[in-house]
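Student: I have a new model open and want to learn how to read it. Where do we begin?
Tutor: Let us take the features one at a time.

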Amino acid sequence: MFVYRHTVAGFREDVEKNQIGDIVQSYYENTTGRRVSPNEKRSWSNSLQFMERIVRRSNVAPSCGILIEYVIPSTSNRIDFFISGHDDAGNKNFVIIELKQWETAEATEKEDIVSTFLGGSVRETTHPSYQALSYKLFLEDYNENIDSKNLIPHSCAYLHNFAERSPEPLTLGIYADTVKESPIYFRDDYEKLEQFLKKYVGQGNGEEILYEVEYGRIRPSKKLIDYVSSMLEGNQEFILLDEQKIAYETAMFVARQEEKSVVIISGGPGTGKSVVSVNLLGGLLRDEMNAVFVAPNASFRDAMVHKLARKMKKTRLKSLFKGSSVFVDAEPNTFGAIIIDEAHRLKNEKAYMYQGENQVEDIVRAAKTSIFFVDDNQVIRPDDIGCEDEIRRVAKAEGARVYEVELKAQFRCAGAEGYLNWLDNTLHIQETANFDGWEQQGFEFKVFDDPNALANAIKAKQVEGKSARLVAGYAWEWTSGKEGNMDAQHNDVTIPEYDFSMPWNSRKIGTTWAIDPGGVHQIGCVHTSQGLEFDYIGVIVGKDLQFDPATGEFYTDWSEYKDHNGKKGLKKDPEKLNRLVRNIYKILMTRGQKGCYVYFVDKNVEDYFKKRLGPQK
């Protein structure tokens, strides 16, 4: 879908008559049924007048094709400006241009992320060159005509109000590879941009190219299939074992059928849900199906991309890995299959920045086959709605047939299924036979009396070459970035009686805390560790989890739990709040494959855990 389509000659005429804003607004409102705000219309008029001057002075042929606000199929992303034509050698080219009205922006320490003034405050957003490049790569990977019709895509960004500085933060080394592949042009670079367009589309005859892009069938390219296959080949982390293979083959069989369907694959921590989900992505792409991988937790999603992107560019891989809020406006059955890992973290309308009402509904509607990987015992916030019952309800409402598979075998915690059963029993999550411990061979569980000793033990494991991280429950306030805490400057996690203090994980490394070398000197939380695993995990259990020896029950003081979104609406529902907190600590205590070290602030909780360990303590 596009908002405006014309030749260069027609585009120039519409701008010269000062009608371009009205025309684009009319097309947009008629196409989408939504009203255009005055600011958006003003933005179109301003940017497109700049582009008209660039196009006119570049002397490209009047027969070049123009698309404005082209919606990339299977996404909600819109390309600002798209121009097509032939070069001197007769090649069929098109150029994607990301337009920005920014006047200033600053670099960050995050790959392809910058900060600028957006929506009333300074926010982080993707680098303009990365935006344009990601659109280009998506079309290369999914538009069949680009390969079959020998179309050649190019991309760049144009910041027509932005005066380049010396040095310019947006061209620093951290962005060098992206800018090299997708150039960025500032206010005074208009001649360079004109030459860029003249080089690739100057000979015109671009309308046929527009048609071929618009009507290209959406399916994964052979190049993308080869990329994804290569990242899985020989990777021991993603070999399917026993019931994992059954789950994989079941989901593949269902996805190949014509009927609308939902697959629910349930399993606790360490049962291999992510191993199956990643293999499914590869298998479905090899079947030439339009498939994407969804992970609601950004930390898990970014860590997965980092782990897999050994043989391919992260930019290309990121188009396959999406957040859970992007399907709000997707047409029914847009995707052949959507794979949702950590589906228990899908949100309702209360979630921050989410524009819809129910992410389970969005996904089931958008896909012919939806494959949910879920663990009801990992729900940690009131707005987490992706439980099995909700998935079944939505499937029924959408007329989808439901298939269910359960994963039971334990592959985390050194295969110590007994430890996980003991933890479930001890945290009162569910009754199991392991009420008094487990066979501890192969997995180390240790209670520390001093948080400093715990932190030192985790750092020592890291020095030994093991992956190790320290995490805590959300029982301490987290100083905001506005208060000077963007890079873990504040030691928020404090236990004064032991002279212990450490910072929460840095906002600068944010979702990559688990794999960043500096992460071992910071404390992570459930939001930066859920779905991930380490050799050793150190857990500080705060005052948000307390134990009453008289009743034998856990409880949570609402004021001691500091995740404001996590406890919203639960002040009068202490049982639900406590259950969410217990779920969080189960998640944290099951991140280690070889060992879990724990310090308890509440000594009643510590005594209870030690008693439950019995002679093994």
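Tutor: Helix 16 (residues 417-426) packs with helix 20 (residues 603-613) at an angle of about 135°, and their axes are 11 Å apart. Keep in mind that this is a predicted model.

Student: Why are helix 16 and helix 20 called oblique to each other?
Tutor: In general, two packed helices are described by the angle between their axes and the distance between the axes. The angle here is about 135°, so helix 16 and helix 20 are oblique. Their crossing is right-handed.

Student: Which residues of helix 16 and helix 20 make the contact?
Tutor: Helix 16 supplies W422, L423, N425 and T426. Helix 20 supplies Y608, F609, R612 and L613. By class, that contact has 5 nonpolar, 2 polar and 1 charged residues.

Student: Is helix 16 mostly covered or mostly open?
Tutor: Mostly covered: 8 of its 10 residues are buried. They are G418, Y419, L420, W422, L423, D424, N425 and T426.

Student: What covers the buried residues of helix 16?
Tutor: The cover includes strand 16 (444-448), strand 23 (553-555), helix 19, strand 24 (592-600) and helix 20. Look also just past the end of helix 16. There, H428 takes a positive phi of about 60°.

Student: Which residues of helix 14 and helix 15 meet?
Tutor: From helix 14, V360, E361 and V364. From helix 15, E390, I391, R393 and V394. The contact of helix 14 with helix 15 holds 4 nonpolar residues, 3 charged ones and no polar ones.

Student: Take M589. What is in contact with M589, apart from its neighbours within four places in sequence?
Tutor: Y419, L423, V539, V541, C596, V598, F600 and F609. Of these, Y419 and L423 are among the buried residues of helix 16.

Student: Where is V8, and is V8 buried or exposed?
Tutor: V8 is in helix 1 (residues 8-16). With a relative accessible area of 2%, V8 is buried. Leaving aside neighbours within four places in sequence, V8 is in contact with V55, V60, A61, P62, C64, I66 and I83. For scale, the C-alpha atoms of V8 and V598 are separated by 66 Å, and the two are 590 residues apart along the chain.

Student: And F321: what does F321 contact beyond four places in sequence?
Tutor: F321 lies in strand 12 (residues 321-322). Its relative accessibility is 6%, so F321 counts as buried. Beyond its neighbours within four places, F321 is in contact with L281, F293, R301, M304, V305 and L308.

Student: Last topic, the backbone. Which bond is cis, and where is P167?
Tutor: Most residues other than glycine have a negative phi, and most peptide bonds are trans. Here a cis peptide bond joins S166 and P167, with omega about 0°. P167 is in the loop between strand 8 (151-159) and helix 6 (176-181).

Student: What is phi for E69 and for E288?
Tutor: E69 has a positive phi of about 55°, although E69 is not a glycine. E69 sits in strand 2 (residues 65-71) and, at 6% relative accessibility, counts as buried. E288 has a positive phi near 60°. E288 lies in the loop between helix 11 (273-286) and strand 11 (291-294). Its relative accessible area is 40%, so E288 is partly exposed.

Technical notes. Residues are numbered from 1 along each chain as its sequence is written. This is a predicted model: local features need pLDDT of at least 70, side-chain atom pairs count only at pLDDT 80 or more; totals for chains, interfaces and linings use all residues. Side-chain values use heavy atoms; hydrogens and water are left out. Contact means heavy atoms within 4.5 Å. Helices (H or I, at least four residues) and strands (E, at least two) are DSSP runs, numbered from the N terminus. Ala, Val, Leu, Ile, Met, Phe, Trp, Tyr, Cys and Pro count as nonpolar, Asp, Glu, Lys and Arg as charged, and the others, Gly among them, as polar. Buried means under 20% relative accessible area, exposed over 50%, partly exposed in between (1.4 Å probe, protein chains only). Axes are lines fitted to C-alpha atoms, for helices over the stretch in contact, and angles run from 0 to 180 degrees between N-to-C directions. Angles under 35 degrees count as roughly parallel, over 145 as roughly antiparallel, 65 to 115 as roughly perpendicular and the rest as oblique. A crossing is left-handed if the near helix is turned anticlockwise from the far one by less than a right angle, and right-handed if clockwise.
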